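Open the structure in your viewer and keep the selection panel at hand. This tour goes from one selection to the next.

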Amino acid sequence: MRLVGVKEAGVTDLQKLKGKTIGVSDNREPGQELLLDPAQEERHRCRPRRDLAPVPPADLLDIAVNKGEIQAIADGDPTLYLIEKRNKGRYQELASNLSGEYKDKVCCIVGARGELVRKERPVVAALVRSIVQASDFVAENPNESARLFAKYSPKVPVEDLQALLGTLTHAHHPVGKNLRDEVEFYARDFRSVGVLKSSTDPARLANHVSVDVLA
């Protein structure tokens, strides 16, 4: 998930977003929630959420740039990667889920039903170990991983998938207390953008949903 600015529009850093219009492919697109939330706006002293311009579908966002309708894009890869590939040198990356406070945070997690954790803990532990092993494989073998995944993404050439996988942080897979702390971190951000209720206690939520099945 990345946020890029249009260089010819002068959007070359986060501070220059103020007063600009940002294109997103969906009003609840994950990149929007992560990169354009009120917490981020406060940190960077700009208010991009006031100037969001939904432009579906995602692969037409660069056409909106050509028309002058938007001056920045918030979206995910491979869509944004392919837009940049078609327009070499036109965009400046401003933020991503691999930068700033998010660069050392997990991207995605798999949840297990509480009953399964309580009654069949070894099964859940085996699932966690398998995910860790698979993540390590992708991190250590991005080219082979891309080749295996290519059949599920026929519109994206395998060499592009290889380039993308090479940039990701699959080697970061927290467990136990580390995972619990990252869940709390994200819960605070989710509360700030209204995904979680304002009454939600991030620490209490993290304690409730996190369990160290490998302990």
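The stops below cover an aromatic cluster, a pair of cysteines and a surface patch.

This is a predicted model, where local features need pLDDT of at least 70, side-chain atom pairs count only at pLDDT 80 or more, and totals for chains, interfaces and linings use all residues. Residues are numbered from 1 along each chain as its sequence is written, and side-chain values use heavy atoms, without hydrogens and water.

**Aromatic cluster.** Select Tyr102, Phe185, Tyr186 and Phe190: they form one aromatic cluster. Rings of Phe, Tyr and Trp (its six-membered ring) pair if their centres lie within 6.5 Å; planes under 30 degrees apart are stacked, over 60 edge-to-face, the rest tilted. The structure holds 5 such pairs. Tyrosine 102 and tyrosine 186 are stacked, because their centres are 6.1 Å apart and their planes at 25°. Tyrosine 102 lies in the loop between S5 and H5, tyrosine 186 in helix H9 (residues 176-192), 84 residues apart. Helices (H or I, at least four residues) and strands (E, at least two) are DSSP runs, numbered from the N terminus.

Tyrosine 102 is buried at 1% relative accessible area. Buried means under 20%, exposed over 50%, partly exposed in between (1.4 Å probe, protein chains only).

**Cysteines.** Go to cysteine 107, exposed at 54%, and cysteine 108, exposed at 60%.

**Surface.** Finish at valine 110, in the loop between strand S5 (91-96) and helix H5 (114-119). Valine 110 is exposed, at 59% relative accessible area.
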